[in-house]
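Subject: Structure for your review

Hello,

Here is the structure I said I would pass on. My notes follow below it.

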Amino acid sequence: MSRNTQPSALLVLEDGRVFRGRSYGAEGETFGEAVFSTGMTGYQETLTDPSYHRQVVVQTAPHIGNTGMNDEDPESRRIWVAGYVVRDPARLPSNWRSRRSLDDALRADGVVGISGVDTRALTRHLRERGAMRVGISSTETDPDALLERVLASPVMKGAELAAEVTTTEPYVVPAVGTRKYTVAAVDLGIKSMTPHRLAERGVEVHVLPATTTLDQLLALEPDGVFMSNGPGDPETADHPVKVLRGVLDRGIPFFGICFGNQVFGRALGLGTYKLRYGHRGINQPVQDLTTGKVEVTAHNHGFAVAWPTGAADSPDSADDAGDASPAGRSRRHAHAEIETDFGPARVTHVCLNDDVVEGLSLSDRDGRTRAFSVQYHPEAAAGPHDAAYLFDRFVGLMADSTGTTTLPEGAA
């Protein structure tokens, strides 16, 4: 179906702002939280990321669908976005790996979208007003009628969604080459590239449902535990928090990504909060406070860990650690070390756009790192490879914990 013959479509935000365009993907009606993603590439990975469950994604890049959809890059078994908003979709895909058009893929998974929208204006509106509920319809022509249904749709705050995207049965991603370590990975909405990155480093990954108990996890006798990205409000994740506290209490090395970072924060006794419009895209600057290095990273999160205000610098903190600039020293002071039930914890990474906490670490009394997490996506699907070293760091923790004398290749 050509673009000119596509049915008209209507987009209505919960504050009453209206955009009109053409139906893209499946016809019908959908509701979710309107968010924008700034990535110029990687739309296939975005669409198949379970963290986008119940969200309507607005692509800020104007041309979408140029490379079609392939069978190699999906991050999960299906497209998870609740809806899709683009400005100028490709008429025909052009890529040697393409197996179908983006439009056809959206139709196949029943994802309602809209094209021909001024996504620049829509993005600016969301930046100014914040992420909000939205409806897209190719069957409703009355904005007021659609607005009523938008206002009746569920909000993201308080939403418990991990159970809707997790695997129903455990499965194993075997190590590439010799198995050196075993990791229990709790699937809160895991992307397929994550266990693959661990497997490349000689790790056998047991991917477990979000409902896995501590006893079930410990029965695997893992060398390390991982908690993945995922959708929803971390304040609802009481079960993963309870499991993780049991893991930390036993001193098992831990690594968390995105939602796993928020679960880690809660396990340490910290709170979380909803960001105004979140971080989504593959071009977000993050600084490692321990080294001063700045990484360009991939993000998809609407919630963040709340670090305690007024925390004093520890007596042994050094002003010349990491970034010695006034701004760097200020960030370290604002995120000074705190005591937790499991030992001292600190912020290791912050977003340079807004100073949001992007990484945490937990140490033992001798200062050795026992567990850590980041809010962004080091598996780089899609995205830059600046943060790939974090998987090596996790392998290094397991090497220290198990007394391995020879680290796996590439481990820090």
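The model is predicted. I start with one glycine. Glycine 232 has 10% relative accessibility and counts as buried, because the cut-off for buried is under 20%. Glycine 232 sits in the loop that links strand 13 (224–227) to helix 8 (238–249). Leaving aside residues up to four places away in sequence, glycine 232 touches Met156, Ala159, Leu161, Phe259 and Phe303.

The UniProt record (an unreviewed entry) lists a "binding site" at Ser51, Gly230, Gly232, Phe259, Gln262, Asn300, Gly302 and Phe303. These positions span 253 residues in sequence, but no two of their C-alpha atoms are more than 13.3 Å apart, so they gather at one spot.

Elsewhere there is a closed barrel of 7 strands with mixed pairing, in the order 1-2-8-6-4-3-9. On average, and ignoring direction, neighbouring strands of this sheet are turned by 35° against each other. Helix 4 (residues 143–151) packs on the sheet, where it touches strand 1 (8–13), strand 2 (18–25), strand 3 (29–37) and strand 9 (132–137). The direction of helix 4 makes about 50° with that of strand 1.

Valine 57 has tyrosine 84 in strand 6 as its bridge partner.

Regards

How values were computed: Residues numbered from 1 in each chain as written. Predicted model: local features only at pLDDT ≥ 70, side-chain atom pairs only at ≥ 80, totals over all residues. Heavy atoms only, no water. UniProt positions renumbered as here; feature names shortened; annotations may be inferred. Helix = DSSP H or I, 4+ residues; strand = E, 2+ residues; numbered from the N terminus. Buried < 20%, exposed > 50% of the residue type's maximum accessible area, 1.4 Å probe, protein only. Contact = heavy atoms within 4.5 Å. Pairing = 2+ DSSP bridges. Axes fitted to C-alpha atoms, helices over the stretch in contact; angles between N-to-C directions.
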